Amino acid sequence: MNAQLIATQVLNGLQLGILLFLMSAGLTLVFGIMNFVNLAHGSLYMMGAYLAAAMLGAFDSFLLALLLAVPATILIGLAVDRLVLAGLYSRDHLDQVLATFGLILVFNEIVRFAWGPAPVYINVPQVLSGTVDLFGFPYPAYRFAIIAVGLAAGLALYALINRTRVGMLIRAGAADAEMVGAMGVNIRLLNALIFGLGAGLAGLAGVMAGPILSVQPGMGEPVLVLTLVVIVTGGIGSIRGAFYGALLVGLIDTLGRAFLPAVFDALASKAFAQAAGPAVASMLIYLLMALVLAMRPHGLFPVRHA
Amino acid sequence: MKKHHRLMGVCIGACMALATLAAAHAAGQEKLKIGFMAELSGPQAALGQDMYDGFMLYLDRNGGKLGGREISVVKADSQLKPEVGVQLVESLTGRDDVPIIVGVTFSNVMLAVHPRVTQKKVFLIGTNAGPSQLAGKACSPYFFSTSWQNDQQAEVVGHYAASKGYKRVIAMVPNYQSGFDFVTGFKRYYKAPLLDEIYTPLSQQDFSAELTRIAASKPDAVFVFYPGGLGVNFLRQYQQAGLLGRIPVLSASTTDAINLPAQRESALGVITGTAWGPDLDNEANRAFVAGFEKKYGRIPSHYAAQSYDGAQLLDSALKKVGGRVEDKSVFMAALRQADFPSVRGAFRFGNNNFPVQDMHVFEVMKDARGRVTLKTIATPLKDHRDAYHAECPME
């Protein structure tokens, strides 16, 4: 274990965290402002990846695929919001969970029907296909690109929320949705906007993850679990919470997987370390979540209720 | 009064349904119902689909019959969840009353369903998963495998690693039953201590942390077992991390015909070991591969090949008993003879009903049409028997 190795693993953690931030920013807004549990958020991520794969097949340009797939995911999100979810906003959480769980199955079947059950391939764009030398350690250039794109999206989101009138309404909605509605703001429109924004971010995450992960039916579910951990840890409805929560979960998960087995190895027998190391490493983020919830039940960065 | 009417309606409906069921039973003996259980949804669905396609290919060629008896296949999707598999066994053996269940993709599902199927004296033809327990102490006369015991695939790769003189090898597998079996099998023939063993959660898709660990320890080779989409992720990330071509990859169930179209260049040169490859030179295999490519438009995987053999096994045994599975001991004896032209060439059952067969080493290369496929490069283990057969009390 040396400084370079740790630095590389921190980058890995950052990259995962940034991807999780894109996912959780949208979900936390929908959850926090509309008080709506949308389990199908991971399906939008999957749709982003599949649409990018389709666009890439048609135009052979990753940039074009990115620029087309994200708006297309927003449109899908808006359509789902209007056609399926609109009637569920006033229902209780259990109904929403059941309905959006059904949506997951529907989306998985749609992509299986359209693209088949086998994974679909997205090429890493040629310019980013190599590795960057990081003080003697090769690091995949594409993962740097994920960090850059995610940070840019995060900055844009920050500007939107903290510097614009729409952002002000979103913030107000997160703190007290009823009051915002009472003041004459068109909550339906605001909701649609937030849902579209969330869908777009999930789609962006899906497009960016496509070249690393295999694009396949059901790819949205594992990432959804992590996303829920992030927003519960960070504080529901808070973008800042989603950002720090995502980085924290990304780093702890990656560093745990990277170094815990070695730590166990140093402390206990090889056989025990090989059994316990990975088990504890995969539990770490859930332990983190439990710890945060025990100490701060509203998450690390809860929305301030005036 | 109204309520009563509705209740009566339900009763009448139920009675009619029962009556038709009884009628079907009485007419019976025409169609033989077979359960086909596999992973047919979720991330690993492609594996189950290939198994199903392989099985159905043989059935279609045979006019929908096995052993002269018309077959109706009841599809069951275990979703890679052992508890779902157990529920499916209940409905297959209960409501559907099937005497035979074929398939099962993953070892964790197999371990859960095996005792429930075999204790009911229902025949289980395993066409993929081969956990070690079933070959040893937990073996059953009602279970027959047309694939391999998990370890066998890793054993042949371990043998190859030892023969190449690799000194520092890292094994990396998912953290579940098959993963353990594969590492155990690898170590049985690769005797030197492993440099490291890395176990990742079965749901983990991104291997950045582990690949960084591998890059840092610079081993002579990496042994991996990542079935389905996991294998696509692993090799592409391996290539992106600049490791492909620098550190050889030895694999099992990772670069199969399902994954190769997605892995393409990222799999070139990867070594893999199993009992069957598309280029094995025998008549049954040539007919199978050509038929599969014609019907489904893709190169078959070993999942399809094993399920095709499963159908051939049932066909041969049902022929011997005139399509009657009711006399279980007679049917069992017919199955044990394994009297069919396997697509892998020589095939026979050991005492534990697992295959005794040649194990090959393949390398990923391009074929004449530019498609990425497996080419046989060696057959180190001939007429190979699994390591657990002695623990099985069956003769």
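1. Buried means under 20% relative accessible area, exposed over 50%, and partly exposed in between (1.4 Å probe, protein chains only). By that rule Cys139(B), at 12% relative accessibility, is buried. Cys392(B) is buried too, at 4%.

2. This is a predicted model: local features need pLDDT of at least 70, side-chain atom pairs count only at pLDDT 80 or more, and totals for chains, interfaces and linings use all residues. Residues are numbered from 1 along each chain as its sequence is written, chains are lettered from A and ligands numbered from 1 in the order in which they are written, and side-chain values use heavy atoms, with hydrogens and water left out.

3. Over all chains there is one disulfide (a pair of cysteine sulfur atoms within 2.5 Å). Cys139(B) and Cys392(B) form this link, with S to S at 2.0 Å. These two cysteines sit 253 residues apart. The S-S torsion is about 85°, so the disulfide is right-handed.

4. Now the aromatic rings. Rings of Phe, Tyr and Trp (its six-membered ring) pair if their centres lie within 6.5 Å; planes under 30 degrees apart are stacked, over 60 edge-to-face, the rest tilted. The count is 31 aromatic pairs over all chains. Phe62(A) and Tyr142(A) have centres 6.1 Å apart and planes at 85°, so they are edge-to-face. Both residues are buried.

5. Phe288(B) and Phe292(B) have ring centres 5.9 Å apart and planes at 55°, so this pair is tilted. Phe288(B) is buried at 0%, and Phe292(B) is buried at 0%. Ring pairs link both into a cluster whose members include Trp276(B) and Tyr308(B).

Definitions and conventions. Helices (H or I, at least four residues) and strands (E, at least two) are DSSP runs, numbered from the N terminus.
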